[in-house]
Amino acid sequence: MNDVRQVSVREVTPEVDASTLLAGAQFVDAFRVDIGARQLDARRACEKMVLGGPRWIDALTRLRNILVLPFGLKTSGEGAPAPGGMIGLFPVVSETPERLVAGFNDSHLDFRVVVDVGNAADGRQVTATTLVLTHNLLGRAYLTLITPFHKLVVRGMMRQIVSQAR
């Protein structure tokens, strides 16, 4: 699977306990990619997703950071407690070889990204689940605005997991 564009990333029903990861989350979605026989832990899968992704994702992130600055929204997880360090902009909240949880809380919304690595009938797979809890009108408006982009970005990031070049 050298051609990242041909990798099949599919939206799936979330299989996480949202009440323990982000109680009250109003938005939860999940995407999955098959990785064959690759031996990959959750941290490495998350690093492949987040670090060195497609340029168009970096451009969207820079644009987002410029647009949210006047509203006082965080442009990264800077300053957030990160017991497991950072992966790109994301503070790691908890981690096992099979699951990494990253994210932070802000005044407008809290979010978590959960990366699970596990076995499937025909190999291994990685699932990325996003959970969002909004706190106010700004958070709800922001979530509504970014949701279509979020789905494109997550698919693009997940394709990086199976890229041979990384």
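1. The model is predicted, and local features are described where pLDDT is at least 70, side-chain atom pairs count only at pLDDT 80 or more, and totals for chains, interfaces and linings use all residues. Residues are numbered from 1 along each chain as its sequence is written, and side-chain values use heavy atoms, with hydrogens and water left out.

2. The protein chain contains four helices and seven strands, where helices (H or I, at least four residues) and strands (E, at least two) are DSSP runs numbered from the N terminus. Read from the N terminus, the elements follow the order β-α-β-α-α-β-β-β-β-β-α. Among contacts in the chain with a separation of 6 or more, 64% join residues 24 or more positions apart, a contact being heavy atoms within 4.5 Å.

3. Of the 166 residues in the protein chain, 45% count as buried; buried means under 20% relative accessible area, exposed over 50%, and partly exposed in between, with a 1.4 Å probe and protein chains only. The chain exposes about 8,800 Å², of which carbon and sulfur atoms supply 57%, and these areas come from the Shrake-Rupley method with a 1.4 Å probe, with only the protein chains shown counting as cover for residues.

4. The seven strands form an open sheet in the order E1-E2-E7-E6-E5-E4-E3, with antiparallel pairing. Strands E1 and E3 (86–87) stand at the edges with a single partner strand each, so one side of each has no neighbour in the sheet. Two strands are said to pair if DSSP finds at least two bridges between them.

5. Along one side of this order, E3 and E4 are joined in the antiparallel sense by two bridges, and Phe-90 in E4 is the bridge partner of Ile-87. These two strands form a hairpin with two residues between them, and Gly-88 in the turn has a positive phi of about 60°. E4 and E5 also pair in the antiparallel sense, over three bridges, with Glu-95 opposite Leu-100 in E5, and their hairpin has three residues between the strands.

6. Strand E5 (residues 99–105) pairs with strand E6 (residues 109–120) in the antiparallel sense over seven bridges, and here Phe-104 stands opposite Phe-111 in E6. Helix H4 (residues 137–159) packs on the sheet and touches E1, strand E2 (27–36), E6 and E7, its direction making about 5° with that of E2. Helix H2 (residues 42–50) lies across E3, strand E4 (90–95), E5, E6 and strand E7 (123–134), and runs at about 120° to E6. For these angles, axes are lines fitted to C-alpha atoms, for helices over the stretch in contact, and the values run from 0 to 180 degrees between N-to-C directions.

7. How many aromatic pairs does the count come to? The count comes to two, under a rule by which rings of Phe, Tyr and Trp (its six-membered ring) pair if their centres lie within 6.5 Å, with planes under 30 degrees apart counting as stacked, over 60 as edge-to-face and the rest as tilted. Phe-90 and Phe-111 form an edge-to-face pair, 5.9 Å centre to centre with 75° between the planes. Because Phe-90 lies in strand E4 and Phe-111 in strand E6, this pair ties together parts that are 21 residues apart in sequence. The ring centres of Phe-104 and Phe-111 are 4.9 Å apart with their planes at 75°, so this pair is edge-to-face. Phe-90, Phe-104 and Phe-111 form one aromatic cluster; Phe-111 is buried at a relative accessible area of 13%, and Phe-104 is buried at 11%.

8. Arg-10 is found in strand E1 (residues 9–12) and counts as partly exposed at 31% relative accessibility. Leaving aside residues up to four places away in sequence, Arg-10 touches Ala-30, Phe-31, Arg-32, Val-33, Asp-34, Gln-125 and Arg-155. Arg-10 and Arg-155 are 145 residues apart in sequence, yet 7.9 Å apart in space, C-alpha to C-alpha. The side chains of Arg-10 and Asp-34 are joined by a polar contact of 3.5 Å, a term for a pair of N or O atoms within 3.5 Å, where within protein one must be able to donate a hydrogen and the other to accept it, and residues adjacent in sequence count only if both atoms are side-chain atoms.

9. Thr-147 is found in helix H4 and counts as buried at 17% relative accessibility. The side chain of Thr-147 reaches the backbone oxygen of Leu-143 at 2.6 Å.
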